[in-house]
Each structure stands twice: as C-alpha cells, then as structure tokens.
Amino acid sequence: MAPSFGSTAQHAFSTTPTAEDPYRYQVGFGNRFASEAIPGTLPFARNTPQKCKYDLYSEQLNGSAFISSRQMLQNVWMYRIRPAVAHRGFTPLDSGDVEGNFSLLNPRVHHVPQQLAWDPFMMPPSSSTSRVDFAHGIHTIAGHGDPTLEEGVAVHIYTANASMQNSAFCSADGDMLILPQEGRLSIQTELGRMMVRPGELVVIQKGIRFKITLPDGGPVRGYIQEIFGSHYELPELGPLGSNGMAHQRDFEMPIASFDIDESPWEIVYKYCGKLYMCKQDHTPFDVVAWHGNYVPYKYLLTKFVNVGNLEKDQMDPTVYCVLTARSKIPGVSLTDFLVFTPRWSVATDTFRPPYYHRNMSTEVMGLLYGTYGGSSHVLEPGGLSYEASFMPHGETYETWKEATTVELKPTRVCENTIAFMFHISMKLGITDYALHRSGVLHASPADQWDNLKGHFMDHIEEINADLCAAGLPTLGSGSPSTTSAAQPATDDQFDNLAGVVALSNSDTSVF
C-alpha cells in the first residue's frame, strides 16, 4: 500500500477519531474550507501563482456555472502532484445494470402505476473468482430524466464483496448520496478520507474521483440517490426558526491527505449512464492541499432533530427532510431525502399512522436497520418499496382498524430503526433489472384491499335519524348500491351520497 500523508493531522475545530472512524473531519454544511496536508502549501491571496510551492499543479473543479450567484457558486481549488488530465484514452466498459436514460422511448425502463416492493437485494457470491467492487456493483432501480438534460434523478443499489484496488470511480453525471445498509465503507476521495457506516449518509459530488474499500471485509450493500443538474442543500426552516431538522455543524468534511504512488491505476467514469475506463501510471489521490466548498461530506442520521405535532393532526412528511435538491420548476424540489428515526408520537384525537393519500411525488422507501411499519407491504433492511406519483396508497386495513380504536397515549415510534424516503417530484421509470433480473421483486397482491369495509353502511339508521332531524331526505332502506334500474335514485339521494367508491380486482401483471 502506498504511504498516505496528512489524513490524521490535527486541524482547528476538527473532530476526534473513534474506534469506528479513524479519520478527522472539518464541520459545517456549505462552509468554504481550507486544508493542507503539508503546512504552507496553499498559495497566499491567489489561486494560480506562476509557480506553486513544491512545483505542485493548481487545478480547479467547478460544480456550478461561472456566473452563478455567490450563494450558489460551488468550486474547489486543488494543489496536486499531477493534474487529473494526466491519463490515457477512454475505453467503453460493459455498463451492466447501470442505466442513465429514463425516457418513455427507452425500452429498458417501464413506467408502472402500481406499488412495488423488493426484498433485500442479493449480495454477490463470496468467491475469490467472483470479485465485485463498488464500481462494478451498482444496479439502477429507477429514475427520471437523464444527465444530458441536467435534470433528473436515479435510484441505484450497490452490492460488493471486494475492495477497490488500484482503481477509482467518478460519476460525471450527478451528485451521489450513498447510504450504507450493510458494512462500513472506507472512502478515499481526492480531498481526503471518510469512514461511513450504516446509519450515516455520504454525498460525493459530480466529478470527484473516489475509491471504496471494505474495512470489515464483505459483502456490503446500500442505496444511492444520484441527482442530475443540481446539488443537495439543507431545506429552509421557515417558521421553525433557527433550529431543528439537520444542523449545519453536524455535517463532516474530509481533511487533505495524499498518497505517493506511481503504480498503474484505472479510473472508471460514469458518463451519460455508461461506464468508461482510462489508465494512468500514478494515483489520482495526490492532492496535497485544497480550498473551496465543493467538498464531499457525511452526516450521522441519528443527529437529526425531529419536529412534530404536539396537539392534533399530522405534519407533512417534509418535516423529516435532511437534504433537498432543486428542480427547474421554481418552488418545486427535484427530490427530498427524508429520514425516519426514533421519536415520540403524542398527538391527541389523531390518526397516527400514515394516512391514505395521493400526491404528486413518487415515494421510494428503504430501511437501513430495524422494523418499519409505515406501509401496506413488507419492508426489510436492504429492500425497497415504490409508490407511483398520484397513485393511491396507505396502510393496511388491519392497521387502520387498530389505529382508529387504540387508546391514544405518548408512544415511541421507530425505536432502534432508521428508515428513509426518496420523495421525488417526478414520475420514475423502473428498470429491466429491477423488474426482471433482481430476483427479489414482489408485486402487491391485487386483492390486498378486498377486505376493506365501507363502515359508513353500518350507520344508515343513525344517518337517517340525523338527516330527518335536519329536515333532509333520508337514504334508502338499504345500501345505496342496491338502487335498481326499476327504482332510479333521485337527485336528492345523490346529493347525500358523495364519496361512494367502487373497488375491483385488477391484473397484477405490469410488465
């Protein structure tokens, strides 16, 4: 292994290493940082001196347009042993189950209206002849748009059983939010090292090269949400004021470290949904110093400060938002990353589980660990669920019955559990891999709602008494659905029958 320098150096206001995480971090979401593995390396009051100290090369990576507002500008200046341009030509690779185009015209993706769920995605086989590292263990589940439009999102899962060796990965398509579910990831980036474990998230921005090794061995598994054309931000707090939700100071950024390594390396790039590889005769992790705000970061999800209702009703799920990303539609997010961690449920005279609903967003849920009860289908750690945009969904009938009759008292929910949701404002296309090749899809049964009762019909006498007392026409002697052609319903009867719903079975086949 090549010697590494600077990763454990003390910095002002840096975190303290632990047994689970040996690295130090700078803290503060959105800050502009400066970090040196060798003191005095950063140029004074300039970015591109004629001659950098130690004959290093200056290199800028931009994550925003040059003319962006100061608030939106994201960039980083790096001072490195060799610039990133020092590589050979690109070779196309087999892209496997990676997908980047989610158009209606792409025959490899399918727009499915019914809810879907996947059991835990299968790990690669443990075999010395079947090595799968992170870069080759990405499988796309769903997405919208494509990277060439600079608008959209992709949901992937990753499974791996081997560390990356002399190789690195880089997405030129979008920022990757990575959620380990099984096994720690040691991530070496151009700007420093991070250790990420289940219960933490890490964001690695577009264009930043990184390498993932498995400190505990394999196999590992986790989730990825990749966004095209925008970056993750903290949601506005609005009437909440200064505090609550995710705090800026709880986000951790790496400290500069570098390797001296002149052995052969391969860099795998994800570009427009395809994989390409180039070779070079030195490590890409040779940045001795850097400054800027286009920097990878991680966050421990249990630090999230929950906000809830203390008296009645439910708040919108966006109060659980850790990170958001803008779409091109003003006022509409591309995606919100929501997290469900242990908290109190205390509202009075309130239906506490997720209520039945339809909304514009597509909901993709996952479970990092624990037990989650917020859906009408089974969700296990390492699995996923999908609810389509504007399609009706909610809890099981059994959960509804319990929730409407249980004694209400302060209750702990999500104990020893972390679940999350990608709350995506667009319709998603589901990939061939997710529908046909994953081997863990289970479609919801078509008759799962057949036992749902219209209990309104049990109260006809009470309703007629109330109507009579109000001087209004009463309902028929039986269920309104018994009205026959020989006895057509009157306009008065229809005035009193808002909300009758007809339920029918449908074919479970969506492919």
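Author: What follows is a short talk about the terms used here and the values behind them.

Author: This is a predicted model, in which local features need pLDDT of at least 70, side-chain atom pairs count only at pLDDT 80 or more, and totals for chains, interfaces and linings use all residues. Residues are numbered from 1 along each chain as its sequence is written, and side-chain values use heavy atoms, with hydrogens and water left out.

Reader: Which residues does UniProt place under "binding site"?

Author: The unreviewed UniProt entry gives His357, Glu363 and His393. Positions follow the numbering used here, feature names are shortened, and such annotations may be inferred rather than shown by experiment. The three are spread over 37 residues of sequence, yet they cluster in space, with a largest C-alpha distance of 11.7 Å.

Reader: Why is His393 called buried?

Author: Buried means under 20% relative accessible area, exposed means over 50%, and partly exposed is in between (1.4 Å probe, protein chains only). His393 has 5%, so it is buried.

Reader: And why is His357 called partly exposed?

Author: Its relative accessible area is 22%, so His357 falls in the class in between.

Reader: What is His393 in contact with, leaving aside neighbours within four places in sequence?

Author: Contact means heavy atoms within 4.5 Å. By that rule, His393 touches Gln115, Tyr355, Tyr356, His357, Asn359, Glu363 and Glu387.

Reader: What makes the pair His357 and Glu363 a polar contact?

Author: The term asks for a pair of N or O atoms within 3.5 Å; within protein, one must be able to donate a hydrogen and the other to accept it, and residues adjacent in sequence count only if both atoms are side-chain atoms. The side chains of His357 and Glu363 make such a contact at 3.2 Å.

Reader: What makes the bond between Gly218 and Pro219 cis?

Author: Its omega is about 0 degrees. Most peptide bonds are trans, and most residues other than glycine have a negative phi.

Reader: Which phi value does Glu150 have?

Author: Glu150 has a positive phi of about 55 degrees, although it is not a glycine. Asn416, also not a glycine, has a positive phi near 55 degrees.

Reader: Why is Asn416 called exposed, and why is Glu150 called partly exposed?

Author: Asn416 is at 60% relative accessibility, so it counts as exposed. Glu150 is at 36%, so it counts as partly exposed.
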